[in-house]
Structures are given as C-alpha cells and as structure tokens.
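Here's a quick briefing for anyone opening this one up for the first time. Have a look at the picture, then work through the points below.

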Amino acid sequence: SYFYQTSKGKNSEKGEKLLRVPKSLVERLVQNYGELLKQADFVPYFRNGKIEGFKIRWISQSSPLHRLGFRKGDVILSVNGIPLKIPTTSLGFCKL
C-alpha cells in the first residue's frame, strides 16, 4: 500500500488525513497514465512561492481514487512520508 497525506488547500495543518491506496491500484495507474488523466486533474500547489504539493482540481466520483477518499480541493502533501515539496519528488508524483 501507498499512504498519501492530504489536506484542504488553505490551512495545511487543519483537516489533514492519511489515505491508504492499494499498491495494485497505484501500479495500474502508473502503467496507464491516460486512465488517471480521465479520472482526476492535479495541479501544483504553492504556498509562499514554494511548492507544497499537488491540488486535486477535479476528480470523477466514479474513480477508485474518489472511493478511497480523495476529493476536489485536497492537496496531496506526501507519499509514503516523502513530502512533495522537493522538486525531484514532485516530478516523481507527476509520473503517477
């Protein structure tokens, strides 16, 4: 499983949640990136001019990600405890 730390965009410290995503789903989405693009839209999220994570701009209610608890407006802050603030980690997230 992969663990995604998310929050609502304005106050990262408030409303944070940890979502578990089965490894098999992550692997399927990595192999078929086009499928992910049909299910959700992610944009970089900046705070004070620095990347903080990725904001979900849109997500299909029928997507497995939505069923797992991801919502429009959530900001994905880290994956498996690795913050997405670092440009190289953020690029890795883009491949997902």
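A quick word on naming before we start: helices (H or I, at least four residues) and strands (E, at least two) are DSSP runs, numbered from the N terminus. By that scheme, Lys38 belongs to helix 2, which covers residues 33–39. Keep in mind that what you're looking at is a predicted model.

**The overall layout**

- The protein has 4 helices and 6 strands.
- Reading from the N terminus, the order of elements is β-β-α-α-β-β-α-β-β-α.
- The protein is 96 residues long, and 42% of them are buried.
- If you take the contacts with a separation of 6 or more, 47% of them involve residues 24 or more positions apart.

- Across the protein, the mean pLDDT is 78, with 79% of residues at 70 or more.
- Where is confidence lowest, and where is it highest? Helix 4 (residues 87–95) has the lowest mean, at 50, while strand 4 has the highest, at 89.

**The nonpolar core**

- The largest nonpolar core holds 17 residues, and the ones touching the most other members are Tyr4, Val21, Ile59, Leu65, Phe70 and Ile76.
- At least two core residues come from each of strand 2 (17–21), helix 1 (23–31), strand 4 (50–59) and strand 5 (74–79).
- Strand 4 gives the largest share, with 4 residues.

**How the strands pair up**

- Strand 3 and strand 4 run antiparallel and are joined by 8 bridges.
- One of the pairings here puts Ala40 together with Ile59, its bridge partner in strand 4.
- Strand 4 also runs antiparallel to strand 5, with 2 bridges between them.
- Over on that side, Phe54 sits opposite Ile76 of strand 5.

**Two asparagines with positive phi**

- The hairpin made by strand 3 and strand 4 has 2 residues between its strands, and Asn48 takes a positive phi near 55 degrees there.
- Is Asn48 buried or exposed? Asn48 is exposed, with a relative accessible area of 75%.
- Asn80 also has a phi near 55 degrees, a positive value in a residue other than glycine.
- You'll find Asn80 in the loop between strand 5 and strand 6 (82–83), and its relative accessible area of 38% makes it partly exposed.

**Salt bridges**

- How many salt bridges are there? The count is 2.
- One of them links the side chains of Lys23 and Glu27, with an N to O distance of 4.0 Å.
- Lys23 and Glu27 are about one helical turn apart, because they are separated by 4 residues in helix 1.
- Lys23 is partly exposed, at 44% relative accessibility, and Glu27 is partly exposed too, at 39%.
- Asp41 and Arg57 make a salt bridge as well, and their closest N and O atoms are 2.6 Å apart.
- Asp41 is in strand 3 (residues 40–47) and Arg57 is in strand 4, so this pair ties together parts that lie 16 residues apart in sequence.
- Asp41 has a relative accessible area of 27%, so it counts as partly exposed.

**A few residues worth a click**

- Asp74 is part of strand 5, and with a relative accessible area of 1% it is buried.
- A polar atom of the Asp74 side chain lies 2.9 Å from the backbone nitrogen of Arg71.
- Arg28 is found in helix 1 and is partly exposed, at 39% relative accessibility.
- Setting aside neighbours within four places in sequence, Arg28 is in contact with Glu35 and Pro64.

Notes: Residues are numbered from 1 along each chain as its sequence is written. This is a predicted model: local features need pLDDT of at least 70, side-chain atom pairs count only at pLDDT 80 or more; totals for chains, interfaces and linings use all residues. Side-chain values use heavy atoms; hydrogens and water are left out. A nonpolar core is a set of buried Ala, Val, Leu, Ile, Met, Phe, Trp, Tyr and Cys residues joined through side-chain atoms within 4.5 Å. Buried means under 20% relative accessible area, exposed over 50%, partly exposed in between (1.4 Å probe, protein chains only). pLDDT is the predictor's confidence in each residue, from 0 to 100. A polar contact is a pair of N or O atoms within 3.5 Å; within protein, one must be able to donate a hydrogen and the other to accept it, and residues adjacent in sequence count only if both atoms are side-chain atoms. Two strands pair if DSSP finds at least two bridges between them. Contact means heavy atoms within 4.5 Å.
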